[in-house]
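Dear colleague,

I am handing over a structure to you with this email, and I would be glad if you kept it open while you read my notes.

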Amino acid sequence: MPSLNLEKVREIHDLPFTTLIYRALETHHKHQDPAGVQACSLKSIKTGSCPEDCKYCPQSARYNTFVEPEKLMDKETVLNDATDAKTAGASRFCMGAAWKQVKDGPEFDQVLDIVSEVNEMGMEVCCTLGMLGGDQADRLKDAGCKVYNHNLDTSREYYSKIVSTRAYDDRLDTLKLVRDAGMEVCSGGILGMGEGKDDRLGLLLELAQMDPQPDSVPINSLVPVPGTPLEDQGKVDPIDFVRTIATARILMPKAMVRLSAGRKEMSDETQTLCFLAGANSIFLGDQLLTTPNPESSKDFALLDRLGLRKLHPDEARKAQGKEIVSPLAPA
Ligand code: SAM
Ligand code: DTB
Ligand code: SF4
């Protein structure tokens, strides 16, 4: 959206709530399957001792949190987990590593090997491994990684209050490498880090102005983890959260908008409002990377009550007008 600016984003965000939801629903019905919810599964394959200082993150080596650092997980353990996730109904498997950046060498080779095996299992593979350089994005893509997650997290202006060990443009550079390599871009942010409304709008503006726009936009509500500098942050107002989701849906009609971290503390009713506002993806499974997520049975019960169903990857692509490439059998 080349003509977009902060004023226009604010106009959408500040619409009377009823009109905002109406506009979001209209967009959602036009561009997405309104009854479909994408189920993704998340696995931390390399946990903790990260050199970065992201103030929200329990995995930074600078903060004393409950996280016990672990070395890169072996292939068998990850594949067992991917099998469980597939059986539980997830169509996408996202692997996270607490790295500042990927380094060429045996660990990256091992990740590439795992990526290719999870891909062969018939799941969409997503990785989030930190910054990429050189031909690493191409190598991930060639191994079968379909999507790369790399969040902008907040506005350009607020970013330096949250992270000092890298710059906003470093994130954008990696996202460009991801796109150029032919992977899908997954990029979003976190609400509840003490940012102002304009920072939330600035984040959405930044994402919506990417050309092409991100394929997935995860919106996280901060999980305040004891030991991190943001441990005492209060909860985001649920209505403000829903407004952000609706604005993201209107600005990025074709993206999967993922209701990500923070669902454990959200009521069924708030999550329902998020689905009404255009969220159409969740992480399934009782663990995010290091913090808890609602139990799958609870999620399935809510989807059931709402008459929503899990999206098969092909359906998500069809709804987004993309070429169907997945050889998967129906879920
Ligand atoms: N190290 C890689 C990176 O920073 O891109 C990948 C893993 S990192 C944990 C992935 C994302 O998780 C972050 O960008 C952030 O948006 C989210 N995240 C981390 N801790 C969080 C928390 N306490 N609450 C909500 N989201 C969080
Ligand atoms: C995203 O935006 N949220 C996920 C995924 N992408 C990698 C991570 C949430 C992490 C929450 C804190 C934790 O469990 O460590
Ligand atoms: Fe490291 Fe990623 Fe956590 Fe930042 S968000 S400390 S880069 S694992």
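This is a predicted model: local features need pLDDT of at least 70, side-chain atom pairs count only at pLDDT 80 or more; totals for chains, interfaces and linings use all residues.

Residues are numbered from 1 along each chain as its sequence is written, chains are lettered from A and ligands numbered from 1 in the order in which they are written, and side-chain values use heavy atoms, with hydrogens and water left out.

Ligand 2 is surrounded by 13 residues (each with a heavy atom within 4 Å of it), and the closest are Asn151, Asn220, Leu289, Thr290 and Thr291. This shell is made up of 7 nonpolar residues, 6 polar ones and no charged ones, where Ala, Val, Leu, Ile, Met, Phe, Trp, Tyr, Cys and Pro count as nonpolar, Asp, Glu, Lys and Arg as charged, and the others, Gly among them, as polar. An oxygen atom of ligand 2 lies 2.8 Å from an N or O atom in the side chain of Asn151, and for the side chain of Asn220 the distance from a ligand 2 oxygen to an N or O atom is 2.8 Å.

Turning to charged side chains, the structure holds 21 salt bridges (a side-chain nitrogen of Lys or Arg within 4 Å of a carboxyl oxygen of Asp or Glu). One of them joins Arg10 to Glu7, with the closest N and O atoms 2.3 Å apart.

How values were computed
A polar contact is a pair of N or O atoms within 3.5 Å; within protein, one must be able to donate a hydrogen and the other to accept it, and residues adjacent in sequence count only if both atoms are side-chain atoms.
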